[in-house]
Amino acid sequence: MRSCAIVLAALLTTSSVVASAGAESRPTGRYCGKLVSSGLLVDAETTFSTDEDGRVFGSYQFRDGDAVTDGRLQEIGRDSGRTKSLRWTDKYGNGRLVIIFDPSFAQFDGHWGASDAVPDHRWVGQRCQEPNS
């Protein structure tokens, strides 16, 4: 009986670890980073979510001189795995962003392009560290 209780406890512990790892193993939340705008590498914050079908969408903000520019992201098609193709839209227009997440989805490395241009401008981020209260 005691060995059954130990096996059950081990299974429950493993299940909770796997479940919590799965919650972090997708592109959701805030990512702090940089992107190229007007030839300059500027601060950016990108927020990702997933819809009920698993498609990625989100928003972003980047330093634009003395102002901040806001934009929206929507996954193009249905990419599986860590590589995502998204359409960005902001006051300057729209284009394509291709990003590759690390295996834990803790950071991404990407490139964006205007309209239908080949994405060749850098856009990177990593999960933002929450401030200690």
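Trainee: Which residues does Phe108 touch, not counting residues up to four places away in sequence?

Mentor: Phe108 touches Tyr31, Thr46, Phe48, Ile99, Ile100, Phe101, Trp123, Val124 and Gly125. Contact means heavy atoms within 4.5 Å. This is a predicted model: local features need pLDDT of at least 70, side-chain atom pairs count only at pLDDT 80 or more, and totals for chains, interfaces and linings use all residues. Residues are numbered from 1 along each chain as its sequence is written, and side-chain values use heavy atoms, without hydrogens and water.

Trainee: Why does Thr46 count as buried?

Mentor: Buried means under 20% relative accessible area (1.4 Å probe, protein chains only). Thr46 has 1% relative accessibility, so Thr46 counts as buried. Thr46 lies in strand E2. Strands are DSSP runs of at least two residues, helices of at least four.

Trainee: What makes a polar contact with the side chain of Thr46?

Mentor: The side chain of Trp123, at 3.1 Å.

Trainee: Which residues have the most contacts inside the largest nonpolar core?

Mentor: Phe48, Leu73, Leu97, Ile99, Phe101, Phe108 and Trp123, in a core of 18 residues. Strands E1 (29-37), E2 (40-50), E3 (56-64), E5 (83-90), E6 (93-101) and E7 (107-114) each supply at least two of its residues. A nonpolar core joins buried Ala, Val, Leu, Ile, Met, Phe, Trp, Tyr and Cys residues through side-chain atoms within 4.5 Å.

Trainee: What is the volume of the largest pocket?

Mentor: About 210 Å³. Phe62, Trp88, Asp90, Tyr92 and Trp112 are the closest to its centre, of 14 lining residues. E1, E3, E5, E6 and E7 each give two or more residues to that lining. The lining divides into eight nonpolar, five polar and one charged.

Trainee: How many helices and strands does the protein chain have?

Mentor: One helix and eight strands. Along the sequence the pattern is α-β-β-β-β-β-β-β-β. Buried residues make up 30% of the 133 residues. Of the contacts with a separation of 6 or more, 28% join residues 24 or more positions apart.

Notes:
Buried < 20%, exposed > 50% of the residue type's maximum accessible area, 1.4 Å probe, protein only. 1 Å grid on protein atoms, 1.4 Å probe; cavity = no way out; pocket = protein on both sides within 12 Å on 5 of 7 lines; lining within 4 Å. Points joined across faces, edges and corners; volume = space filled by probe spheres on them. Nonpolar A, V, L, I, M, F, W, Y, C, P; charged D, E, K, R; others polar. Polar contact = N/O pair within 3.5 Å; in protein donor to acceptor, adjacent residues only side chain to side chain.
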